[in-house]
Amino acid sequence: MSTALGANPSAAAKGSGEPAFARRSSVELLRFIDVSKIYGSGEAAVVALDHVNFAIRGGEFVAVLGPSGSGKSTAMNILGCLDTPTSGHYLFRGVDVGTLSRDARALIRRNNIGFVFQGFNLLKRTTALENLELPLIYRGIAKPQRHAAARRALALVGLSDRATHAASELSGGQQQRVAIARALVTAPSVIFADEPTGNLDSARGHEIMTLLRSLNAEHGITIVVVTHDEEIAAYAKRRIHFHDGRIASDEASTP
Ligand SMILES: Nc1ncnc2c1ncn2[C@@H]1O[C@H](COP(=O)(O)OP(=O)(O)OP(=O)(O)O)[C@@H](O)[C@H]1O
Ligand SMILES: [Mg+2]
């Protein structure tokens with residue numbers, strides 16, 4: 001097992017020979033307890049989340065749906081430990097994230113969480129491979145291991161033949177696959193993707209969702225995808241609908 005993909009101690013302890021990010025267990029990974037988020041104050045206060053409760057277990061593939069302004073990104077920012085609730089509790093692996101310092105939250109992100117954004121957020125003039133090595137440089141992983149881990153992640157998203165292309169030379173769909181590989185390279189237990197298909201045409205969007213579905217099914221990675229598109233959400237096993245900062249429905253997808 002490589003250093004880079006073995007960075008997560010609980011995964012390394014399994015010693016099964018599977019990739020370190022494999023998570024087939026159904027242990028509870030995260031939980032919102034009465035989470036509210038209020039932006040601003042007084043007259044200008046906006047209630048973005050209003051007493052939200054739900055939990056996600058390891059290995060789930062969840063779509064978060066809802067109209068514009070319903071609180072999806074606000075929920076994702078809290079889930080990703082980028083922000084904290086105004087009231088209520090967000091538990092990540094049983095730890096109340098709201099009680100942690102900024103640095104401690106950054107550590108949770110670094111060790112557990114991969115992000116995928118609508119706009120890909122790659123370094124444009126940097127090669128696909130170097131984009132993947134960057135998060136490993138920040139973790140102090142030595143060059144040979146970094147390189148090997150980046151190559152493996154690129155292979156997982158089917159882009160080995162584009163390793164030395166600059167991100168700007170790749171199509172939108174390919175850039176998003178590189179971004180997914182970048183989220184994978186640190187062996188996270190969960191990937192949060194906010195509108196990952198929003199900048200892609202329908203066919204490319206379906207390719208991205210097919211990739212996420214196979215990463216979930218074959219490697220057991222927990223995936224949470226925000227989308228406003230029911231067709232895109234159909235790839236997930238569970239769908240949570242937000243409306244006006246509340247959960248309107250939470251249901252398993254019909255196969
Ligand atoms: N930084 C902020 N300051 C003030 N209000 C905010 C802020 N971020 C979000 N809001 C408000 O909180 C509510 C929820 O916003 P959020 O971004 O979570 O919606 P969303 O469901 O992701 O919408 P979209 O589909 O358009 O991305 C909205 O009314 C929004 O205007
Ligand atoms: Mg949003």
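Q: Which residues touch the most other members of the largest nonpolar core?
A: In this predicted model, the largest nonpolar core has 68 residues, and those that touch the most other members are Val 64, Ala 153, Leu 154, Ala 181, Ile 223, Val 224 and Val 225. A nonpolar core is a set of buried Ala, Val, Leu, Ile, Met, Phe, Trp, Tyr and Cys residues joined through C-beta atoms within 7 Å.

Q: Which helix gives the largest share of this core?
A: Helix 6 (residues 172-184) does, with six residues. Helices (H or I, at least four residues) and strands (E, at least two) are DSSP runs, numbered from the N terminus.

Q: What does Ile 223 touch?
A: Not counting residues up to four places away in sequence, Ile 223 touches Phe 61, Ile 191, Ala 193, Leu 212, Leu 215 and Asn 216. Contact requires C-beta atoms, placed from the backbone, within 7 Å.

Q: Which residues of helix 7 are buried?
A: They are Gly 205, Ile 208, Met 209, Leu 211, Leu 212, Leu 215 and Asn 216. They fall within an arc of 150° seen down the axis of helix 7, so they line one face of the helix; the arc is that of the directions from the helix axis to the C-beta atoms. A residue is buried if 20 or more other C-beta atoms lie within 10 Å of its own, exposed if 12 or fewer, and partly exposed in between, with C-beta atoms placed from the backbone.

Q: Which residues are exposed on the other side?
A: Ser 202, Ala 203, Thr 210, Ala 217 and Glu 218 are exposed there.

Q: What do the buried residues of helix 7 pack against?
A: They pack against strand 3 (61-65), helix 6, strand 8 (222-226) and helix 8 (230-233).

Q: Changing topic, why does Met 76 count as buried?
A: Met 76 counts as buried because it has 20 C-beta neighbours inside 10 Å. Met 76 belongs to helix 2 (residues 72-79).

Q: How do strand 3 and strand 9 run?
A: Strand 3 and strand 9 (residues 238-243) run parallel, joined by four bridges. Strands pair if DSSP finds at least two bridges between them. Leu 65 has His 241 in strand 9 as its bridge partner.

Note on methods: Residues numbered from 1 in each chain as written. Chains lettered and ligands numbered in written order. Predicted model: local features only at pLDDT ≥ 70, side-chain atom pairs only at ≥ 80, totals over all residues. Contact = placed C-beta atoms within 7 Å.
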